[in-house]
Each structure stands twice: as C-alpha cells, then as structure tokens.
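Subject: Structure handover

Dear colleague,

Here is the structure for your files. My notes on it follow below.

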Amino acid sequence: MSGSRLTARRLSLAHHPTPLWHHPELDSLVGCEVWVKRDDANEGAASGNKIRKLEYLLAEAVSQKAEVVVTCGGVQSNHARATALAARRLGLEPWLLLRSSDPEPEFSGNLMLDRMAGAKVRYVSPEEYADRTRLMGDLRRELEAEGRHSYVIVEGGSNGLGALGYVNAMLELERQLRAGLAGPRRSFDAVVCACGSGGTAAGLALGAALCDSAAQVLAMAVCDDAAHFRTVIGNIVAEARHFVKNAPAPVPVTVIDDFKGPQYGVASADQKRFILDVARRTGLIVDPVYSGKALFGLANMTKKPERTLFVHTGGLPGLLAQAKEFENLV
Ligand SMILES: *Cc1c(COP(=O)(O)O)cnc(C)c1O
C-alpha cells in the first residue's frame, strides 16, 4: 500500500498528488465515465509523465555523482525537454540527441524550452537515430574522456527504474480513491494512457496490481504497433519488478494501435476536431501527438469500459509547436 514497497531512491521533483478531474461534458464526448489524472499539471514547464520517471532516474544520476545527463528523442520530445529542465534544476548539464531531418529545425515548443535551458543539442538524422543507444554511449565516452561523469537516460525514460514513476502514481491514486476523490467506487474498469515508449503503461500495469485500483491498462500506441509494445512493456515490467517488494503480476495490458493517425506526431483531421471539441466543451487541452490521440482512441473504441481513469500525460509544448496545423480549424 505505501511507497515503501518501492526500493529505489526517489527525488521529489513534481507536485503530487495531481488532481483527479471530472467533467460531465467529457463523459458525454467520450461516451463513458472519465476521470482525468492531471499529470499535465504536475510541474511548470517540466510538466507531464516524464517528470515522474525522472524522479527515479535522476535520483540514480545524483547518487552516481554524475554532472552531465544524456538523453534522446524527437526534435519535439517532451521527455528531452523535461530532462533538460529537471537536470538544470539539479545543477546537471543536459545533452540531447534530437532526431530531425532538418539541420535547423523550427525554434518552437519543446525545442525552444530545451534551448532556454541551455541544453547541449546535437541533431541526428532519422537514419542515424535508429542507432541511438550506440550514439548515446559514444557521447558518454566522449564526455567521460573529458573527465565529465555522465548518466545516460534511455528514450522516453522507459526502463524499469523510470517506470516506477507510474507505480508510484498508482499508489498515490489509491490514497485518493480511499479519500473518495473519485466518488464512492474505489477502482476503475481501466486506466488509459498514450503509449510512445512503453514505460508509462508498464508502470501503470504494475502499480494497478499493487493496489487493486484498476482491472486493466489500455495503452493507446502513437507509433509502432501492438506486437512491438506488448514485448517492450513486458520487458519493462520485468525490470521494474526488481524494485518492488513482493511484486505482484501486472494487470493485463491491451495495446491498441488503431488510433495512431497518419503518422507519429501528425494528427488526422478527425483527431484535431476532437481536440478542439474537448477544449470547447470542457476547457481541457490535450495534445495532437500523445494525449489527444489516446483520448480520441478511447472515444472511438467500439466496446469501451464503463468507468475509466485517463492519465493526462501532458504535451502542451508539442501542441504549441503545431500552431500552423490548428490555425485554419479555429
Ligand atoms: C512520452 C509521452 C507519452 C508516452 O509515454 P511512454 O511512457 O513513452 O509510453 C505520452 N504522453 C506524452 C505527453 C508524452 O510526452
């Protein structure tokens, strides 16, 4: 029941517990009962799901006395931005390998915040990025050769240690449910989240089993496919269990890859209209890369659970980088 079941060290970087938010108009838009876990509001500019993972990952970086943190992502990576800001807060220097086919990408959204934090940015082509693990290892060795001790964080912060952020989130949820913050019922039929590198879904599945707060996880893929994520999530869960005392088996995870839209980072016209509907009927903003596609997916499932927890994983800077995609719709 308590956080003491997790054996890894955690830094306090985010504002927890995050609110459980409910709006009747969202229920009717989506077509089921939706409670929103507002992890989009868990910090300032560093908000979102990545800061929960970073509470564990950067605790390890600090305990290893690293002075540099290396990570990677797309040019509009929320993970890279959260890492850059959290690293600076801790006095560490962020180095980012960002995937971009354009050597001079637009100064906006997440990249603007990376730059404001003075992150050391290297752009890598999509072809080179396929080899990101090796590239980060090379960079770490380069930095170590200069005497700078470096800590490497995998893409999305999605390993067993990072996933503890969402085990911890489920323990936090259990306390909120006990306090009646989501009505008299103490559990959900499903927890729903966007899935980009699998760590969030993995942590949720393990955490939900630990405290009986949800029967299953619905992971809405925004890239790759269901088979890929089933393997990835399984591996992350196996790693994460090493940090949990008397770890239970995770609750079932269903990966749904029907709502990815045209491609990663690009939303369909229907998805964009849905995002605008949500904003106009509820005041809630979801983004076109992750949270908006995931909520759209839930709304468009043929057989949906009755009572759901939607984890709002953030992503606002990514939306703001897509002003041109939305300008003609409003
Ligand atoms: C990274 C990210 C996700 C996906 O989480 P994973 O743990 O990588 O699967 C979802 N939403 C937002 C806003 C993100 O930045």
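In strand S6, Val-152 is the bridge partner of Val-70. The model is predicted, so to speak of local features a pLDDT of at least 70 is needed, side-chain atom pairs count only at pLDDT 80 or more, and totals for chains, interfaces and linings use all residues. Residues are numbered from 1 along each chain as its sequence is written, and side-chain values use heavy atoms, with hydrogens and water left out.

The strands

Helices (H or I, at least four residues) and strands (E, at least two) are DSSP runs, numbered from the N terminus. Two strands pair if DSSP finds at least two bridges between them. S3 (residues 68-74) and S6 (residues 150-152) run parallel and are joined by 3 bridges. S3 also runs parallel to S4 (residues 93-99), with 7 bridges between them. There, Trp-95 of S4 stands opposite Val-70. Between S3 and S4 the chain passes through helix H3 (residues 78-89), and this β-α-β crossover is right-handed (with the strands pointing away from the viewer, the path from the first strand over the helix to the second runs clockwise).

Buried means under 20% relative accessible area, exposed over 50%, and partly exposed in between (1.4 Å probe, protein chains only). Because 7 of the 7 residues of S3 are buried, this strand is largely enclosed by the rest of the structure.

His-312 belongs to strand S10 (residues 307-312). Its relative accessibility is 1%, so His-312 counts as buried. A polar atom of the His-312 side chain lies 2.8 Å from the backbone oxygen of Ile-285.

The ligand

Polar contacts are pairs of N or O atoms within 3.5 Å. The side chain of Lys-50 has an N or O atom 2.8 Å from a ligand oxygen. A side-chain N or O atom of Thr-313 is 2.6 Å from a ligand nitrogen. The protein buries 98% of the 380 Å² that the ligand exposes when taken alone (Shrake-Rupley method, 1.4 Å probe).

Regards

Key: A polar contact is a pair of N or O atoms within 3.5 Å; within protein, one must be able to donate a hydrogen and the other to accept it, and residues adjacent in sequence count only if both atoms are side-chain atoms.
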